[in-house]
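My notes follow in the order I checked things.

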Amino acid sequence: MKKIFLVLFCSVWPIISLATPTIDHYTLNRKSETVIFNAADGEANPLHIEIVASEPVTFSTIAICLTSDSVCSRTTAMKYFTQTGSSTSVAKDWNGKTGGSNPTLVSDSDYRLRVTMKDQAGVDLSP
């Protein structure tokens, strides 16, 4: 069983804005809590990830990393997703496999998600 944690690293540094976008809430398999995910069953029952922001943003990267990965970026992630275009929400399904040209099932461990996003002006809202 895989234990997946959602850890959000989103600081906001507004330039000229009255309201700064923030993450309102998230769910993993429709629960707002840590979930245990069986990657071996991911093809039939993928992990469903939903993130909702307070106003439209571009979700640049949703990276799935080992909790020991202090960087957690596209280059260090086990798997990552992107979304082009601005929206108040994003939903992705993960089948428990790594990214790249030769995907394999991830090993048993604790994982986290790191979300990076940009506001409608293109300002990076990540720390």
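How many disulfides does a search of the whole structure find? I ran it on the model, which is predicted, and got one.

**Disulfide.** The bond joins Cys65 to Cys72, with 2.2 Å from S to S. I then looked up the torsion about the S-S bond of Cys65 and Cys72: it is about 90°, so I noted the disulfide as right-handed. Are the two cysteines buried or exposed? Cys65 is buried, and Cys72 is too.

**Salt bridge.** Next I searched the whole structure for salt bridges and again wrote down a count of one. The side chains involved are those of Glu43 and Lys97, at 3.0 Å from N to O. This pair links distant parts of the chain, 54 residues apart. Glu43 lies in the loop between β3 and β4, while Lys97 lies in the loop between β6 and β7. I checked the accessibility of both partners. Glu43 has a relative accessible area of 53%, so I list Glu43 as exposed. For Lys97 the value is 25%, so Lys97 goes down as partly exposed.

**Asp69.** Then I went to a charged residue without such a partner. Where is Asp69 found? I located Asp69 in the loop between β4 (47–66) and β5 (79–81). Asp69 is buried and yet has no salt bridge. Which side chain of opposite charge is nearest to Asp69? That is Arg112, 4.9 Å away. Arg112 still turns up in the contact list: leaving out residues up to four places away in sequence, Asp69 touches Thr76, Ala77 and Arg112.

**Confidence.** Last, I looked up the scores. The pLDDT averages 85 over the protein, and 84% of the residues score at least 70. Residues 8–17 are a stretch where the pLDDT is below 50. In the model this stretch has 25 contacts beyond near neighbours in sequence. Where pLDDT is low, the predicted coordinates should not be read in detail.

How values were computed: Residues are numbered from 1 along each chain as its sequence is written. This is a predicted model: local features need pLDDT of at least 70, side-chain atom pairs count only at pLDDT 80 or more; totals for chains, interfaces and linings use all residues. Side-chain values use heavy atoms; hydrogens and water are left out. Helices (H or I, at least four residues) and strands (E, at least two) are DSSP runs, numbered from the N terminus. Buried means under 20% relative accessible area, exposed over 50%, partly exposed in between (1.4 Å probe, protein chains only). Lys and Arg count as positive and Asp and Glu as negative; His and the chain ends are not counted. A salt bridge is a side-chain nitrogen of Lys or Arg within 4 Å of a carboxyl oxygen of Asp or Glu. Contact means heavy atoms within 4.5 Å. pLDDT is the predictor's confidence in each residue, from 0 to 100. A disulfide is a pair of cysteine sulfur atoms within 2.5 Å.
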